[in-house]
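Subject: Structure for your review

Dear colleague,

My notes on it follow directly after.

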Amino acid sequence: MTGCPDCDSVKMFSAGAEGDGKCSVCHGTGSDGFLESVTEVLGGEESPCDQCQGTGICPTCEGTGVIEEFVTSVAA
């Protein structure tokens with residue numbers, strides 16, 4: 001296993017440079033940070049993040065901070 005390259009950042013005190021499990025696009029907030037319509041401006045709602053679908057969790061590692069290493073062989 002190796003640290004997830006798609007997480008928002010790296011856990012500070014992890015031995016293997018694990019990711020923090022948060023979405024790197026919304027930084028774990030679950031929202032895209034932009035107000036897109038008059039309804040959102042009046043209601044104060046933000047759109048869900050396109051990367052994590054509003055969960056705030058890194059979709060690559062599903063919040064664990066680590067991924068399986070896949071070794072690929074190339075035929076010569």
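**Contacts of D6**

Apart from its neighbours within four places in sequence, D6 is in contact with S24, C58 and T60, where contact means heavy atoms within 4.5 Å. With T60 there is also a polar contact between the two side chains, at 2.7 Å. A polar contact here is a pair of N or O atoms within 3.5 Å; within protein, one must be able to donate a hydrogen and the other to accept it, and residues adjacent in sequence count only if both atoms are side-chain atoms. D6 lies in the loop between β1 and α1 and is partly exposed, with a relative accessible area of 36%. For accessibility, buried means under 20% relative accessible area, exposed over 50%, and partly exposed in between (1.4 Å probe, protein chains only). Two C-alpha separations place D6 in the fold: V66, 60 residues apart from D6 in sequence, is 9.7 Å away, and C61, 55 residues apart along the chain, is 8.0 Å away.

**Basis of the model**

This is a predicted model, in which local features need pLDDT of at least 70 and side-chain atom pairs count only at pLDDT 80 or more, while totals for chains, interfaces and linings use all residues. Residues are numbered from 1 along each chain as its sequence is written, and side-chain values use heavy atoms, with hydrogens and water left out.

The average pLDDT of the protein (the predictor's confidence in each residue, from 0 to 100) is 80, and 67% of the residues score at least 70. Among the elements, the lowest mean pLDDT, 61, belongs to helix α1 (residues 38-43), and the highest, 90, to strand β2 (residues 66-67).

**Overall architecture**

Of the 76 residues, 25% are buried. The accessible surface is about 5500 Å², and carbon and sulfur atoms account for 55% of that surface; accessible areas come from the Shrake-Rupley method with a 1.4 Å probe, and for residues, only the protein chains shown count as cover. Among contacts between residues at least 6 apart in sequence, 48% join residues at least 24 apart.

**D8 and H27**

D8 is in the loop between β1 (2-3) and α1; its relative accessibility of 28% makes D8 partly exposed. Beyond neighbours within four places in sequence, the contacts of D8 are D20, K22, C23, S24 and H27. The side chains of D8 and H27 are joined by a polar contact of 2.6 Å. G28, 20 residues apart from D8 in sequence, is 7.8 Å from D8, C-alpha to C-alpha.

H27 is also in the loop between β1 and α1, and counts as partly exposed at 48% relative accessibility. The backbone of H27 deserves a look: its phi is positive, about 60°, although H27 is not a glycine. Most residues other than glycine have a negative phi. Q53 likewise has a positive phi of about 60° without being a glycine. Q53 sits in the loop between α1 and β2 and is exposed, with a relative accessible area of 59%.

**The cysteines**

How many disulfides does the structure hold? There are zero, with a disulfide taken as a pair of cysteine sulfur atoms within 2.5 Å. C4 is in no disulfide, and the nearest cysteine sulfur, that of C58, is 3.8 Å away. C49 is in no disulfide either; the nearest cysteine sulfur to C49 is that of C52, 3.8 Å away. C4 is buried, at 8% relative accessibility, and C49 is buried at 1%.

C61, in the loop between α1 and β2, counts as buried because its relative accessibility is 5%. Not counting residues up to four places away in sequence, C61 touches C4, C7, G21, V66 and I67.

With kind regards

Definitions and conventions: Helix = DSSP H or I, 4+ residues; strand = E, 2+ residues; numbered from the N terminus.
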